[in-house]
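Subject: Structure for you to look at

Hello,

Here is the structure I promised to send over. Please open it alongside this email.

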Amino acid sequence: MRISGLRVLAAVGLMALALAACGNNPTTQQKLSGGTATWAEAPNAKPNYIFPLTSGGFFSVANLSQFQYLMYRPLYWFGENGTVKLNSGLSLANDPVYSDGGKTVTMKLKGWKWSDGQPITSRDVEFWMNLLKANVGSWAAYVPKEFPDNVVSMSFPDSMTSVFTLDKTYGSLFFDYNELSQISPLPQHVWDKTTDGGTVGDFDRDPKQAVNVFKYLDGQSKSVGTYNSNPLWQVVDGPWKLKSMTTDGHVAMIPNPGYSGPVKPTIAEFDEQPYTTDTAEFDVIHTAGIDYGYIPTQDLDQRNSLTKYTFSPWIGWQITYMQINFGNATNGALYKQLYMRQAMQHLVDQDGYIKNIFKGFAYPDYGPVPIKPASNFASAFEQKNPYPFGVNAATKLLKDHGWTVNAGGVSTCSSPGSGSNQCGDGVASGAKASFKLEYASGTLAVKQEMQALKSDFSKAGLEINLSEAPFDTVITDAFGGSNVADMDNWGGGWIFAPDYYPTGDEIFSTGAGSNGGGYSNSTNDSNTDATTTSNDVKALYTYQDFLAKDLPVIWIPVADAVLALVKKTLHGWDPQDPILQLYPENWYFTAS
Amino acid sequence: MTGFLVRRLGQSFIVVVGVTIITFLLTRLLPGGVARAILGPRASPDSIAQFNHDNGLDLAVPQQYLFYVNQLVHGNLGFSYRLNESVNGLLSDHLPKTVILLGISTLIALGIAIPLGIMQAVRRNKIEDYTFTTLSFVLYSMPPFWLGLILIIVFAVNLQLLPPQGPQGPISTYLDPTELSALVLPVMSLALVTIALFSRYMRSSMLDNLVQDYVRTARAKGVSTRGVLYRHVLRNALIPIVTLLGLSLPGIFSGALITEAIYNYPGMGLLFWDSAMTRDYPVLLGVTLVVAVATVAGNLLADVFYAVVDPRVRITD
């Protein structure tokens, strides 16, 4: 029955894609030059950090993919034709070349130019690396022992070539997608100074002075209202430069006439509009007042009446899960039992939630690697559900391990001990299967999903006590060891950007900075290490297959990132980038 | 008068200090931590500890308050880590936009409400009076968000005459002729409610004054009806309006929260709304403090102005 349902959904999805393609086909339309394209920022997701060596909490899609990258291009661009892969055409350098058994990587720049006419050189790469090495603690993406710690020496034999020597052999997939992907050459000839009036020098080559350079640039980035007037930010290498920006998040960009990339902007201006709520944004959609916006999930029924727009769900490169706290004083021992996690996963009706709550605009998640958009990174095993929805299967697991199941109530452990048919280490006689789950407020679909999950869990006597809190509170509790809850769903899961190769070394390895639940498994650690050193994607399959079975978290469906609405007069936006990057340089208008 | 002013200023200072203490404590009682919320799930424990140290968040609550007050007396209202901008910078960006919105709507409201109130008083219990009284009650009792949504549906969605949102972009573009249409609906939302309020006060005040002895005296001296109305009654009848205007001064700083939220109008109200939703403590504290000062100042100004325009009021030391 569910398979049929999925087929119907797939068919609907294909039809929608076909219609979207038709709607975006301008073969009979005359391409117009110029015009201002407006794009709606997600609610409360305003860009507010311009310096591409991003610190602290500014490391977000809104700041990187949808703001900085329009002006400052990474050394290597990822994302091509709606897939996650290295885009050689948009990268500033030719594809990296590995030698010395994978311990040396050489990157050769293409000779593109900054907007002031100066060439982008290896000195600009060195400038980035020097600032990074001297200020790793301030860089949001820093993972100890990984980039840049794993670059033991650098050389720059000529103005176009950078050579890194690594501490060991890495797989090129991992090093390209997760390490080199982080580099953004910076205009050393303009930014290498420590004060406004200071002269530009080689300060970055002295680690102490590099700290001061970083402080200066970071400080200059702490005044959003001055971005468009500060001379520092006028030198760019991307297709766009700032025309104006306000502290409320309104951004206006105009083409950078000196952009060296293959596609030059043809529209005259690209504007990003801030919205506090999706309701305010949808009011504007009703009047066709924005070119590229979105429809709130609760208003999906109205999408067919918006005749001036093409509806196009935008899928992100992400996974979604409920984090479970293995160290929780009350329930940590329960979470450590694989059978308990398996029972929980059996009780997540992903197909039902997708159909009834997300109205078809979500897809299942069975493991740590995104299965959409399609890629060769997701294994065949992970794409099938190892723990299909089934109350009987969950109940059997509990009974087989010494639990007295009380459907609709609270099951209790009646056979403590570490035997194969007992509750397991640390689970006392009479222990109750009662859990506290905190989830992020503000999204109706998430609320409905959690209520449905509570109902499904109760069918096997697993009691879920729900509490709702703002996103900030949930992540604070999830990563701060709080006892407010022992399960957390902050509603966003994990987006793999700009660490595009989904190795999970940041989220599921023992002691990883974002492993808030404290999951620890030596096999997984070993598998994860292999994903970073092997060139074979099979290492990733081994890693994900193990975690799909071992359940470091409870997987739940991934909602489509954006339910996009694009005016039928706007073209060039399709396919949408799974890393949620924008390419307004590809956009153009037609008359109708 | 001087003693009065000194006493009032002293009281005002105490009120403002009290407001800073109360708002500071209230925001600290909110659940959740600031550092993790700001730095995000990728933040390491070290960076969180460093953030807390840099911002005085690892201090005891009284010391955090002193840290805050110390910044304040140096003219630093704080820094918003969410918006990556100083609170002073945010106020200077958002305040002028609210001044434009409230300034235009208040001027329009005064321009309509005063003649309307006079007309209703003169034509008391006639069909015009009943009509506008009913209309005023309807408008005044209508929740602002409801009125805003109705205007959007009628004028933006159905008739497609006006934009459903306020102007976007830098303040320099707000009075640009091409952007003026975006101001119409937010201004109309505020003005309609204000007209209803002011016209009721004006009507009532006019009626009070029309039966005063000085009016009878003026008429006995042969002053024309128009002269009585505009030279004698109007001046006295305006006093409650002056008081109302003084009390509405804080509104400029707090913004028309609901109206700005409905129309996505980036003024002080929307700034406060955003900050409350995201627990942006520095902005909440900064805006609350400024509004408190404006409230105290507005009351003070209204009192003083009241004494100036109404000779019957005498302030003694």
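Below is what came out of the analysis, element by element.

First, a caution: this is a predicted model.

Chain A holds an open sheet of 5 strands. Their order is β20-β19-β21-β15-β23, and the pairing is mixed. Strands of a sheet pair through backbone hydrogen bonds, either parallel or antiparallel. Two strands of chain A stand at the edges: β20 (463–469) and β23 (554–555). Each has a single partner strand, so one side of each has no neighbour in the sheet.

Look next at β19 of chain A, residues 434–440. This strand runs parallel to β20(A), and 7 bridges join the two. For a landmark, find A:E438: it stands opposite A:S467 in β20(A).

A helix also packs on this sheet: α13 of chain A, residues 444–458. Helix α13 touches β19, β20 and β21 (487–489) of chain A. The direction of α13 makes about 165° with that of β20(A).

**A helix pair in chain A**

Now turn to α3 (residues 122–134) and α6 (residues 207–220) of chain A. They pack at an angle of about 95°, with their axes 8 Å apart. An angle of 65 to 115 degrees counts as roughly perpendicular, and α3(A) and α6(A) are therefore roughly perpendicular to each other.

Which residues meet there, in α3(A) and in α6(A)?

- From α3(A): A:N130, A:L131 and A:A134.
- From α6(A): A:P207, A:A210, A:V211, A:V213 and A:F214.

By type, the residues of this contact of α3(A) with α6(A) split into 7 nonpolar, 1 polar and no charged.

**Where the chains touch**

The contact between the chains takes 38 residues from chain A and 39 residues from chain B. On the chain A side, the elements giving two or more residues are α7 (278–286) and α14 (471–479). Helix α14(A) gives the most, with 5 residues. The side of chain A that touches chain B divides into 13 nonpolar, 21 polar and 4 charged residues.

**Chain B overall**

Chain B has 15 helices and 2 strands. Of its 317 residues, 38% are buried. Take the contacts in chain B between residues at least 6 apart in sequence: 68% of them join residues at least 24 apart.

Best wishes

Definitions and conventions. Residues are numbered from 1 along each chain as its sequence is written. Chains are lettered from A and ligands numbered from 1 in the order in which they are written. This is a predicted model: local features need pLDDT of at least 70, side-chain atom pairs count only at pLDDT 80 or more; totals for chains, interfaces and linings use all residues. Two residues are in contact if their C-beta atoms, placed from the backbone, lie within 7 Å. Helices (H or I, at least four residues) and strands (E, at least two) are DSSP runs, numbered from the N terminus. Ala, Val, Leu, Ile, Met, Phe, Trp, Tyr, Cys and Pro count as nonpolar, Asp, Glu, Lys and Arg as charged, and the others, Gly among them, as polar. A residue is buried if 20 or more other C-beta atoms lie within 10 Å of its own, exposed if 12 or fewer, and partly exposed in between; C-beta atoms are placed from the backbone. Two strands pair if DSSP finds at least two bridges between them. Axes are lines fitted to C-alpha atoms, for helices over the stretch in contact, and angles run from 0 to 180 degrees between N-to-C directions. Angles under 35 degrees count as roughly parallel, over 145 as roughly antiparallel, 65 to 115 as roughly perpendicular and the rest as oblique.
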